[in-house]
Amino acid sequence: MTTFVCVCIPEFLSLYETERLVQELTKFEIDTHNIIINQVLFDDEDVESKLLQARMKMQQKYIDQFYMLYDDFHITKLPLLPKEVTGVEALKAFSRHFMSPYQPLCSRDQVERLENRISALKHQLKEAEEELDRVKEV
């Protein structure tokens, strides 16, 4: 059996065209049970831009519709990237998203918590080194 992987973006026209494509390919007994939704803005990322927030909300509406229409399909969401994926190394790095779901970057809160933890650990290390120096002197 032939399999076709549909690649789309989370927008109305793409959802509409994907549905048309799935229906047409099904007529020819071509499997289409894999869909890749590309250029997704993930809401776990800290976004201050009102435009990007609105875009994420709009995208989520269509992502939800993809999941409703294709509940028995395998759907993979891929992130919107700051640049094109070109070249062998970039393709290899990007391809890992096909095997395991994309994980958004840490939020600012997570970064701040980690920075505070590192600072505290550095302070503890300094105190331990000073204590070690005092013990060695005795």
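# A first look at this predicted model

The structure is a predicted model, in which local features need pLDDT of at least 70 and side-chain atom pairs count only at pLDDT 80 or more, while totals for chains, interfaces and linings use all residues. Residues are numbered from 1 along each chain as its sequence is written, and side-chain values use heavy atoms, with hydrogens and water left out.

**The chain as a whole**

- The protein chain holds four helices and three strands; helices (H or I, at least four residues) and strands (E, at least two) are DSSP runs, numbered from the N terminus.
- Along the sequence, these elements follow the pattern β-α-β-α-β-α-α.
- Of the 138 residues in the protein chain, 24% are buried. Buried means under 20% relative accessible area, exposed means over 50%, and partly exposed is in between (1.4 Å probe, protein chains only).
- Taking contacts in the protein chain between residues at least 6 apart in sequence, 74% join residues at least 24 apart. A contact here means heavy atoms within 4.5 Å.

**F66 and its surroundings**

- F66 counts as buried because its relative accessible area is 0%.
- Leaving aside residues up to four places away in sequence, F66 touches C8, I9, P10, S14, L15, T18, I35, I37 and I75.
- One of these partners is T18: the C-alpha atoms of F66 and T18 are separated by 9.4 Å, although the two are 48 residues apart along the chain.

**How α1 and α2 pack**

- Two packed helices are described by the angle between their axes and the distance between the axes.
- For helix α1 (residues 12-27) and helix α2 (residues 50-69), the angle is about 15° and the axes are 10 Å apart. Axes are lines fitted to C-alpha atoms, for helices over the stretch in contact, and angles run from 0 to 180 degrees between N-to-C directions.
- That angle makes α1 roughly parallel to α2; under 35 degrees counts as roughly parallel, over 145 as roughly antiparallel, 65 to 115 as roughly perpendicular and the rest as oblique.
- The crossing of α1 past α2 is right-handed, a label used if the near helix is turned clockwise from the far one by less than a right angle, with anticlockwise being left-handed.
- On the α1 side, the contact is made by F12, S14, L15, T18 and E19, and on the α2 side by Y62, Q65, F66 and L69.
- Sorted by class, this contact has five nonpolar, three polar and one charged residues. Ala, Val, Leu, Ile, Met, Phe, Trp, Tyr, Cys and Pro count as nonpolar, Asp, Glu, Lys and Arg as charged, and the others, Gly among them, as polar.

**The sheet and the helices on it**

- Strands of a sheet pair through backbone hydrogen bonds, either parallel or antiparallel.
- Here, three strands form an open sheet in the order β1-β2-β3, and their pairing is parallel. Two strands pair if DSSP finds at least two bridges between them.
- β1 (3-8) and β3 (74-79) are the edge strands, each pairing on one side only.
- From one strand to the next, the twist averages 20°.
- Strand β2 (residues 31-40) pairs with β3 over five bridges, in the parallel sense, and V40 has P79 in β3 as its bridge partner.
- Helix α2 packs on the sheet and touches β1, β2 and β3, with its direction at about 170° to that of β2.
- Helix α3 (residues 88-99) lies across β2 and β3 and runs at about 145° to β3.

- T32 lies in strand β2 and is buried, with a relative accessible area of 1%. T32 touches F4, C6, V22, L25, T26 and F73, not counting residues up to four places away in sequence.
- T76 lies in strand β3 and is buried too, with a relative accessible area of 12%. Beyond residues up to four places away in sequence, T76 touches I35, I36, I37 and H97.

**Two residues with positive phi**

- Most residues other than glycine have a negative phi.
- E29, although not a glycine, has a positive phi of about 60°. E29 is found in the loop between α1 and β2 and is exposed, with a relative accessible area of 64%.
- Q39 is not a glycine either, yet its phi is positive, about 65°. Q39 has its place in strand β2 and is partly exposed, with a relative accessible area of 38%.
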